[in-house]
Amino acid sequence: MADSKMEGPSAPALRRDPYEVLSVSRDSSDQEIKTAYRKLALKYHPDKNASNPEASELFKEVAYSYSILSDPEKRRQYDNSGFEALDGDGMDMEIDLSNLGTVNTMFAALFSKLGVPIKTTISANVLEEALNGTVTVRPLPIGTSVSGKVEKQCAHFFGVTISDEQAESGIVVRVTSAAQSKFKLLFFEHDANGGYGLALQEDSEKTGKVTSVGMYFLHFQVYRMDTTVNALAMAKDPEAAFFKRLEGLQPCEVSELKAGTHIFAVYGDNFFKPATYTIEALCAKSYEDTTHKLKDIEAQILRKRNELRQFETEYRKALARFQEVTNRYSQEKQTVDELLKQRDTIHSSFTVARSIVTAGGSGHFSNGSSSKFPLEDFKVDSPGEDSSSDSKDKSAKKKWFNLNLKGSDKRG
């Protein structure tokens, strides 16, 4: 497939076929892709190639290719239509804190505090020590918990041994932090050379007053919520923050564990300080009702995600129509206001202008001509009527003063 330019901000300038980058065939299994990525990521990891800038670019290319081929939906889209079918804004890369330097780490911490999701990659030293089998593994019996403090970009390893019965019932491993530390929960598979290869990783999320993360091996497909999916696109379009919210629900690659000892690790993902945590391993047999509820609620979420995809199309169409009619409303309102204003102007040309002058002047009406009238001409009452009126007033006053009050003006 021909090279093409990247649209996303953190991907390589030129994109090669992801299958070519990872040196795998198009019919490769998920495990084969994962193994190829693991080897190349270690080979080009910035921690091991500090003086080789080309290795850093190759590491980004490997990570970008794996981000496509490790996601069933993105892989299907790429196989069908190539890079054009992929949303460049949603292809967020992971950053390596151990290689950022102090200044850039501070910027990353600031963005994270502002709510911008930032994925961080795991230190090459941790991955290499695990592959070499040189890490210290502490036992974590089922039904127990262990608390600790892990330095940034370091990991504490734990071995969880499960029986056939426990494996059949299902296993849950959870990590919490009352200090709201940032950390990763890692799951390693046993490698052929005796070491451990990274198979799963989950980032902690803030839930209430704590940060937490879990892995659930319950014999049915479980999902994880990746908040960085479409994060940049959602930031550009606030409404997308709702419609794309459930798109981060991604299927976990491993849904069950066999009897034996399994390796987990807590990785310190704070920017500057150690991460405090409590890790516990549980058998799901005691939580059958909770297991059924989890399966049911995730099925509901998946159905709702499909509904929202359809509803978003309807909403966008309705919103476009709403914008159209509101623009029409504004235009029509402006037109009506202008028509009424013109009507008032026309009416005003028919209005008679009046001007009344006080004593010593004259009053006149102006309607294209003027006439002057003596003030006496406006007198309406006749002298006779005035005399009669005065007579009535005097008579009323006389009756008032001639009231026959007891004890006064008695006639003999």
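Visitor: What share of the residues in the protein chain is buried?
Guide: Buried residues make up 35% of the 412 residues; buried means under 20% relative accessible area, with a 1.4 Å probe and protein chains only. This is a predicted model, in which local features need pLDDT of at least 70, side-chain atom pairs count only at pLDDT 80 or more, and totals for chains, interfaces and linings use all residues. Residues are numbered from 1 along each chain as its sequence is written, and side-chain values use heavy atoms, without hydrogens and water.

Visitor: How many helices and strands are there?
Guide: The protein chain has eleven helices and 18 strands. These are DSSP runs numbered from the N terminus, with at least four residues (H or I) for a helix and at least two (E) for a strand.

Visitor: Why is strand 7 largely enclosed?
Guide: Strand 7 covers residues 155-162, and six of its eight residues are buried, so the rest of the structure largely encloses it.

Visitor: Which strand runs antiparallel to strand 7?
Guide: Strand 15 (residues 260-268) does, joined to strand 7 by eight bridges; pairing requires at least two bridges found by DSSP. I162 has G260 in strand 15 as its bridge partner.

Visitor: And what about strand 5?
Guide: Strand 5 (residues 137-139) pairs with strand 7 in the parallel sense, over three bridges. There, V137 has F157 as its bridge partner.

Visitor: New topic: what does F264 touch?
Guide: Apart from neighbours within four places in sequence, F264 is in contact with residues including H156, F157, F158 and V160. Contact means heavy atoms within 4.5 Å.

Notes
Buried means under 20% relative accessible area, exposed over 50%, partly exposed in between (1.4 Å probe, protein chains only).
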